[in-house]
Amino acid sequence: MRPPRLLRGAAVLALVAGLAACAVPSREPLGSPRDQVVAHLGPPTAVHTLPQGERLLYSQLPAGTEVYNLDFDAAGRLVRTEQVLTQARLESIPLGQWTRADLQRTFGPPLRVERVARWDGDIWTYRFKQGSDPRFAHVHLDPAGTVRRIGFTDDIPNTDKGRD
């Protein structure tokens, strides 16, 4: 007995989705044409113009912990791939110099944007991993949108299963 056409179609879609999930931006070969990269990885989270080309940003947020920048030269060839959500990369943000635009161009949209009583501006939070430890980076922007402070906290999973 043959499965109904609808089930066969669903199975093909599931297979394609599973194969696409295996595509990892860091595995794209340098020199690859932009169109080939997009065909392989799918549409990027964001596209940014660079002085000598273009950046495709692939973010796994909100559920994931990685953001990949794929930089292309003026001819549309991949020249650099970097996973940027790392402790070292986040610590290197120049305080008093970077703005919202710099954060967007490098790290993409944050996991969340918050406001608190003791800070007169937005706090952009990014989830990342330091080794195998889940962490948060809290980037404090002043009212003009300039980065003034960065703090780090551990992402402690909710393991409370209830009390006896």
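Predicted model: local features only at pLDDT ≥ 70, side-chain atom pairs only at ≥ 80, totals over all residues.
Helices (H or I, at least four residues) and strands (E, at least two) are DSSP runs, numbered from the N terminus.

- Four strands form an open antiparallel sheet in the order 1-2-3-4, where pairing requires at least two DSSP bridges between two strands.
- Strand 1 (46–50) and strand 4 each have a single partner strand and stand at the edges, so one side of each is left without a neighbour in the sheet.
- On average, neighbouring strands of this sheet are turned by 20° against each other, direction ignored; axes are lines fitted to C-alpha atoms (for helices over the stretch in contact), and angles run from 0 to 180 degrees between N-to-C directions.
- Strands 1 and 2 pair over five bridges, and Val-47 stands opposite Leu-56 in strand 2.
- Strand 2 (residues 53–59) is joined to strand 3 by seven bridges, and Arg-55 stands opposite Asp-71 in strand 3.
- Five bridges link strand 3 to strand 4 (residues 78–83), and Tyr-68 has Gln-83 in strand 4 as its bridge partner.

**Backbone details**

- Most residues other than glycine have a negative phi, and most peptide bonds are trans.
- Gly-76 takes a positive phi near 85° in the hairpin of strand 3 and strand 4, which has four residues between the strands.
- The peptide bond from Leu-61 to Pro-62 is cis, with omega near 15°, and Pro-62 lies in the loop between strand 2 and strand 3.

- Another open antiparallel sheet has four strands in the order 5-6-7-8.
- Its edges are strand 5 (112–116) and strand 8 (147–154), each with a single partner strand, so one side of each is left without a neighbour in the sheet.
- Strand 7 (residues 133–141) pairs with strand 8 over seven bridges, and Leu-141 has Val-147 in strand 8 as its bridge partner.
- Helix 4 packs on this sheet, touching (heavy atoms within 4.5 Å) strand 6 (119–130), strand 7 and strand 8.

**Helices across strands 1, 2 and 3**

- Helix 2 (residues 34–41) lies across strand 1, strand 2 and strand 3, at about 10° to strand 2.
- Helix 4 (residues 100–107) lies across strand 1, strand 2 and strand 3, at about 75° to strand 2.

Terms used
Residues numbered from 1 in each chain as written. Heavy atoms only, no water.
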